[in-house]
Amino acid sequence: MSWLVDQPGEKYTIRFRDPIEAIKSLWKDPELSPTMVFRPAKMYSDKEKKNCIFSEMWTSKWWHVCQVCVSKLPLGATMAPVIIATDKTQLTQFSGSKSAYPIYLTIGNIPKAICHKPSKKACILIGYLSINKIDRKDLTECARRSKVQRLFHESMQIILEPLIMAGNTRVEMVSADGAVHLVFPILSCYVVDYPEQCLVMCLKYGTCVKCKAKVTELQDPQPKDPRSQKWTEDIFKEAQSIAGQNSHAFYDHCMSQEVAGGVPKPFWTVITPDVLHQLYQGILKHLIAWCQSILTPEQLDEHICCLPHGLRLRQFKNGLSALSQISGPERKNMVKILLGCLIGAIPTMGIAAITALLDFIYIAQYKTHNMETLGYLQGTLDRFHTHKDYFRQTGIREDFNIPKFHSLTHYIESIKLFGTTDNYNTETFERLHIDFAKLGWRASNHRDEFPQMICWLSRQEKIAGFEAYQKEILTSGTEVDPLLLFMKSMMHLILNITSNST
């Protein structure tokens with residue numbers, strides 16, 4: 001149970017387990033342990049060591065800087081960069097309003113190619129946040145939003161509290177080969193979509209989550225000074241000294257600084273770019289809407305329907321305007337054909353601006369970057385800012401103060417700090433909703449479902465752990481005990497019986 005500090009009578013249920021134990025289970029997994037990397041590495045593509053390569057998290061600047069601090073402590077100590085992701089998901093399909101708010105955890109020591117495979121179980125569910133509805137009685141809309149923010153931040157502080165002590169004092173972790181490591185688990189990235197980014201960073205919706213750019217400055221090609229926890233807390237203290245006990249004055253002062261003043265002490269972490277929601281569901285979505293305004297939706301649909309068949313190209317036989325609730329894979333298919341539908345229909349200046357953004361979408365997803373490709377990425381932004389006046393001239397936009405467009409200016413910095421964007425894309429974690437939320441929901445009787453879901457997931461993990469242990473025995477050449485085979489069959493039988501009975 002969790003409760004708000006200023007309202008101890010109201011209780012909200014959060015279900016979680018120790019994140020340190022989750023990291024230990026990843027560390028000793030016989031399939032993951034041999035592939036782990038325990039120290040950062042600097043990679044270059046030239047002998048002069050000027051063209052630095054960025055790919056996995058251990059090639060990033062963040063790990064190098066943190067490792068310097070760790071190296072001053074016990075000899076042989078290493079780091080476990082902790083990556084956290086949260087995303088609310090709907091459990092019911094056609095009717096009902098049942099939802100879940102899972103929290104996922106993985107570590108940067110594991111190669112990203114393995115993390116992207118759900119079958120490898122490199123990402124672990126560590127909890128469910130509360131989905132209880134806030135009582136709106138006698139609450140204004142501002143007070144309700146502040147209450148939602150406080151509930152989220154205090155819940156995350158409770159769940160991730162063990163990481164604070166472990167990150168300061170180190171934890172002993174055992175690999176699959178029996179080697180003992182002194183590990184400092186440190187929270188490195190928080191992977192969420194834009195609304196939750198604002199929630200995590202205590203920001204006014206519509207502002208930048210990385211820098212102090214105001215709403216009217218988002219179209220500037222250069223980012224502003226970075227935000228920090230101290231800067232945010234100083235605004236809260238300043239608002240408190242000005243407003244006193246007047247909550248409305250406190251809220252208004254915070255919002256004037258483009259900070260959501262609902263959390264006395266915010267939970268803080270580093271926000272990373274999100275290819276799925278920022279590029280495909282953001283930039284591309286705006287581009288298609290602008291093209292439909294320039295050509296009319298019917299003309300764009302006609303151009304799309306006239307495209308010839310091509311290898312790995314999806315045919316939108318009814319165009320795009322007939323689609324609703326467009327998914328990420330559909331957006332990826334749209335970006336492949338969009339430019340071909342616009343050649344000859346839009347002037348050269350508009351084609352240049354659209355091409356620059358499409359180039360950015362593709363280059364940002366490179367699995368390996370170096371200083372040269374990052375230069376290409378910056379070049380696409382410069383080309384867009386050079387030709388973006390076309391959309392003003394046609395009356396499509398009066399300004400470009402759009403948060404997702406502004407976020408493009410922070411991609412290069414994030415790639416240098418944390419590696420390529422596929423290390424922290426929300427698409428990786430959204431796939432886990434099926435395994436860690438929806439399947440458990442379907443196995444329950446849909447009444448008081450979370451204890452049943454947790455029990456079902458616990459049994460699945462035990463069976464997966466037993467199978468990994470059995471596979472390790474088989475690969476080592478040890479004779480298999482018939483009792484182990486019997487236990488495995490019985491565990492599957494019990495799981496099937498309990499799932500059917502619910």
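Predicted model: local features only at pLDDT ≥ 70, side-chain atom pairs only at ≥ 80, totals over all residues.
How far apart should the ends of the 15-residue helix α7 be, at 1.5 Å a residue?

**View 1. Helix α7, from residue 229 to residue 243.**
Look next for T232, E233, I235, F236, A239 and A243, which are buried. Seen down the axis of α7, these buried residues fall within an arc of 150 degrees, so they line one face of the helix. An α-helix has 3.6 residues a turn, so residues three or four places apart point the same way. The face of α7 turned away from the buried side carries K230, K237, S241 and I242, which are exposed. On the buried side, the residues of α7 pack against α8, which covers 247-256. Just after α7 comes G244, with a positive phi of about 65 degrees.

**View 2. Helix α16 and its buried residues.**
Here is another helix to explore, α16, made of residues 411-418. Its buried residues are Y411, I412, S414, I415 and F418. Around the axis they cover an arc of only 165 degrees, which puts them on the same side of α16. The residue that follows α16 is G419, and its phi is positive, near 90 degrees.

**View 3. An open sheet of six strands.**
To find your way across this sheet, follow the order β3-β10-β9-β6-β12-β11. The pairing is mixed. At the edges are β3 (15-16) and β11 (171-174), each of which pairs on one side only. In a regular strand the side chains alternate between the two faces of the sheet.

**View 4. Strand β10 and its partners, β9 and β3.**
Strand β10 consists of residues 124-128 and runs antiparallel to β9, residues 102-107, with four bridges joining the two. I103 stands opposite G127 of β10, while Y104 has L125 of β10 as its bridge partner. Strand β3 also runs antiparallel to β10, joined to it by two bridges. There, R15 has Y128 of β10 as its bridge partner.

**View 5. An open sheet of three strands.**
This sheet has the order β4-β5-β13, and its pairing is antiparallel. Its edge strands, β4 (43-44) and β13 (369-370), each pair on one side only. Two bridges link β5, residues 52-54, with β13 in the antiparallel sense. One place to look is I53, whose bridge partner in β13 is N370.

**View 6. The largest pocket and the elements around it.**
Rolling a probe the size of a water molecule over the atoms shows where empty space is left. The largest pocket has a volume of about 1,000 Å³. It is lined by 42 residues, and those closest to its centre are D29, K121, E461, A464 and G465. Which elements each supply at least two residues of the lining? They are α1 (19-27), β10, α17 (426-430), α18 (432-443), α19 (449-476) and α20 (482-501). The largest share of this lining comes from α19, which gives 11 residues.

**View 7. The largest cavity and its lining.**
The model has four cavities of 30 Å³ or more. The largest cavity has a volume of about 140 Å³. Its lining is made of 15 residues, and Q197, V209, K210, Q278 and S407 are the closest to its centre. Helices α6 (194-201) and α15 (403-406) each supply at least two residues of this lining.

**View 8. The lysine K147 in helix α4.**
K147 is found in α4, the helix of residues 141-159. Is this residue buried or exposed? The relative accessibility of K147 is 2%, so it counts as buried. To place K147 against another part of the chain, look for T216, 69 residues away along the chain. The C-alpha atoms of K147 and T216 are separated by 28 Å.

Note on methods:
Residues numbered from 1 in each chain as written. Heavy atoms only, no water. Pairing = 2+ DSSP bridges. Expected span 1.5 Å × (residues − 1). Buried < 20%, exposed > 50% of the residue type's maximum accessible area, 1.4 Å probe, protein only. Arc of directions from axis to C-beta. Contact = heavy atoms within 4.5 Å. 1 Å grid on protein atoms, 1.4 Å probe; cavity = no way out; pocket = protein on both sides within 12 Å on 5 of 7 lines; lining within 4 Å. Points joined across faces, edges and corners; volume = space filled by probe spheres on them.
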